[in-house]
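This briefing goes through a protein model by topic, from domains and chain contacts to a sheet and helix pairs. Please keep the sequence and the 3D view at hand while reading.

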Amino acid sequence: MSTEQKLQTAEQLLAPWNKETIRPEENRLDVVIQPEALHEAASALHEAKWGYLSAITGMDMGVEAGQLEALYHFCNGPAITSLRVRLPRAGAVVPTIADIIPPATFFEREIKEMFGIKVDGLAVTDHLFLPEDWLPDVYPQRVDFTIEQAKAMEVSHADQMPEPGRVGENTFVVPIGPQHPALKEPGHFSFTVDGEIVTAAKMRLGYAHRGIEKAAESRSWVENLYLFERVCGICSHTHAMAFSMGVEQLAKVEVPARAQAIRELVAGLERVHSHLLWLGVTAHEAGFDTLFMYSWRDRETVMNLLEQITGNRVNYSANVLGGVKCEIGDEQSKAIKEGLTYLETRIRHYLEVVTTDAMFLNRTRGIGTITAPEAERFGLLGPTARASGVARDVRIEAPYGAYVRYPVSLVTETNGDLEARCVVRLKELLVSCFAMRSILDNMPEGPLTARMPRKIPAGETVARVEAPRGELFYYIKSNGGEIPVRVHVRTPSLCNWVSVLEKAVGRQLADVPMLIAGMDPCFSCNDRVVTVVDSRTSENWSWKRLREYGIEYYSR
Amino acid sequence: MNTLTSIVTLLIFPAGITLILAGMFYEWIDRNLVARFQNRVGPRWFQPFADAVKLLAKEQIKPAIINPYLFFGLPIFALAGALTAALYVPLFGLAPPHSLTGDLVITIYLLSLPTMCIGLAGWNTTSRFSLIGATRTLTQLFAYEAPFLLALLGPALVAGSWQISEINGYAQNHWLILTQPIGFIVAVIGLMGKLELPPFDAPEAETEIVAGALTEYSGRGLMMFHLAKSAELVIGLTLVSSFYLGGLNGIGLFLIKTIILLFFMSILQSLLTRLRIDQTVGLWWRFGAILVLAQILVTILWKGFMP
């Protein structure tokens, strides 16, 4: 079915509630519906198995307009249907759709906290991102939010006693995080355990929320590229790539073929780095430190390659709007090929280890099994979904950039347990290495960048990229100015949390860190506002002050 | 004079300070070997000593809701238990300072004392990590203790004595690893379980329950538990190598045999993935106990029919 046919099907499905149809781009359909009709419209798409709910974008149209918007994006291959719900600024209410589409819970909690769109029927009322004592009726992502509004809640909780955690005779609440050896980043899980068996699970994010989406609304397009690169320290390239792809789509700029090939190449190396890192973390959670040490040693190879190409190890900064910054010459090409040869032998070895080591299999085989229908229901993405046999990979469903010319093949497993997730990730690396070799062998000639305008034409677009953890979703809106009006980022980890919370119940506490690691969580991706407070004077630092401090620090 | 000798044996040589220093040395070998197997460099020779000095110098933080007598007393009991156990074993290949009929049972009891103290220490605090860790420590104790005891019983049966020095003497003429291989394997793995080394480190699995039963301990208390563990390592190695590896006679043989044993334990530590607590219990009762019982049955029959 072509994209056009898919969109027509969607339009027919949504016809009963359709108030207005907009076609912002070729592959997108916007259907304006009344808030009351949302539940029926979403279930119509869901029951017809038209794609999956990818993200819910909240938007504040401004104080004068007096309106909020919520966009429910459904993706089906390259086709995207958005249900656009227009709401008044005061008393915005939408019905929950989490009862039919469970991953919507996290999206709905996000728009509820950030935009003050009340979600009727939401089972969980705790905060997901904001502090528990955040003032009511203060919504940080609304346009009229000021930092002074947040100051009122800066109260110290240092002297409070923690809750004792004893629920019943043998039942305890075991807190994992925000500071815990199993977590390399701050998040909080509370698992109720009866002896060793987990009976309930709850989670909370936002400990490292930096408000990047909000910050983007006061920066130029170019500055934002570097800002979004810092959403995540592991998949920084995919974030920058998704953002620049979106901006290029808005500006209708064609990126040169060579630049696209280099983008895919760096993305491939980044995937190797990310998955090897993940393998090490998982092995460590399982208590198999030898595998952890070895996989991280081999990860150094790919880190060195990235450093050689881009000059950086973490935030590679390979992208510029309209192309890439770094050239792959003969010397780099040779180094990459040598590195890939070494990595391929090591990856094959690890593949053998994770499928044959009896003690490791004790902790992975048959643990946290997610069946294909469950994976569909939870809305899983990326390798976690592919391990359950769900063919969900943006690089294949909706090829972008150089993936049209240098395609990758789909890797799926059917078992859906932790072992399958290890196997999928490692096999995926071999596929990536193969694609990288074909890029290096047939590198197109030409310039590295195309000229970009300073002001980006008005419009809105969606950019989707397959990050190492799954589909990364960017929604970008411009009003024709030098700065974006709204950039919404939905990271893959947010969609995969449901699987941990559902699967931990009934399992042993010892399996929980493995389950958390099994979906390759990235907290910093989920948490995107920082307030820097000077501990001596306890004053809030402005961005300008921070920048000056940075320059001063490095010039010393 | 006699009192003075007793004090010297208990506090300076061979138990006491010498044993603690030996414990640090063996800990360093173990850490270094594991590090080498994992493609790391490992700590320098004085690292365990530096850790001890640093921790002993640090403040010990007392949690609000605990029994203070237990909290401060348990580490001392643990260390005392381990040091006392050293008096009955041929430490450094020398004859044990004290020897009496049935001292094998006393030694095994004393060696369990640190583990019991750690279990109680975890139970004494209200930290949930400690409570779960304590439960796991004690569960594991019940899993490995009986097979470990049975594995040491095998040599005792063939030697016809419950006295460690006599078994040691018997073993000098008989390499029991050849006649009782199953007993040897169970004893080595039992020792690893006793010391909570990987893969039996579920009671202190940091990715689940932080530091297990010792989560609330800091400074001196933590260090004393740590030293008790190091002493236990040396005593355990001495026991197993004197029973199974042709006895211990002289310091050279002691060093060679115990370090070879430690080498194999380090390989196992770096090769194996941590077992969940249910898997540990299952392993011991389903395989360990039954295998070692079969071994003892064979030994008894052999002794009965071939005088």
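The points below are grouped by topic.

The model is predicted: local features need pLDDT of at least 70, side-chain atom pairs count only at pLDDT 80 or more, and totals for chains, interfaces and linings use all residues. Residues are numbered from 1 along each chain as its sequence is written, while chains are lettered from A and ligands numbered from 1 in the order in which they are written.

**Domains of chain A**

- Chain A is assigned domain 1 (3-151) and domain 2 (212-522); such bounds come from an automatic or database domain assignment.
- The centres of the two domains of chain A, taken over C-alpha atoms, are 26 Å apart.
- Domain 1 of chain A puts 20 residues into the contact and domain 2 of chain A puts in 22 residues, where contact means that C-beta atoms, placed from the backbone, lie within 7 Å.
- On the domain 1 side, β3 (52-60) and β4 (67-76) of chain A are the elements that give two or more residues. Helices (H or I, at least four residues) and strands (E, at least two) are DSSP runs, numbered from the N terminus.
- β3(A) gives the most to that side, with six residues.
- The domain 1 side holds 13 nonpolar, five polar and two charged residues. Ala, Val, Leu, Ile, Met, Phe, Trp, Tyr, Cys and Pro count as nonpolar, Asp, Glu, Lys and Arg as charged, and the others, Gly among them, as polar.

**Contact between chains A and B**

- In this contact, 27 residues of chain A meet 27 residues of chain B.
- The elements of chain A that give two or more residues are β8 (171-176), α8 (257-285), α9 (289-310), α11 (358-364) and α17 (512-518).
- α9(A) gives the most to the chain A side, with five residues.
- The chain A side has 15 nonpolar, seven polar and five charged residues.

**A sheet in chain A**

- Three strands form an open, antiparallel sheet in the order β13-β14-β15 of chain A; strands pair if DSSP finds at least two bridges between them.
- β13 (459-467) and β15 (486-490) of chain A are at the edges with a single partner strand each, so one side of each has no neighbour in the sheet.
- The twist from one strand to the next averages 15°.
- Nine bridges join β13(A) to β14 (470-478) of chain A in the antiparallel sense; in β14(A), Ser478(A) is the bridge partner of Gly459(A).
- Helix α16 (492-504) of chain A packs on the sheet and touches β13, β14 and β15 of chain A, its direction making about 135° with that of β14(A). Axes are lines fitted to C-alpha atoms, for helices over the stretch in contact, and angles run from 0 to 180 degrees between N-to-C directions.

**Helix pairs**

- The axes of α10 (330-356) and α15 (418-441) of chain A come within 10 Å and cross at roughly 160°.
- α10(A) and α15(A) are therefore roughly antiparallel, a term for angles over 145 degrees.
- The residues of this contact divide into 15 nonpolar, two polar and five charged.
- In chain B, the axes of α9 (181-194) and α11 (219-244) come within 10 Å and cross at roughly 175°, which makes α9(B) roughly antiparallel to α11(B).
- Phe184(B), Ala187(B), Val188(B), Leu191(B) and Lys194(B) of α9(B) make the contact with Glu232(B), Gly236(B), Val240(B) and Tyr244(B) of α11(B).
- By class, the contact of α9(B) with α11(B) has six nonpolar, one polar and two charged residues.

Methods: Two residues are in contact if their C-beta atoms, placed from the backbone, lie within 7 Å. Angles under 35 degrees count as roughly parallel, over 145 as roughly antiparallel, 65 to 115 as roughly perpendicular and the rest as oblique.
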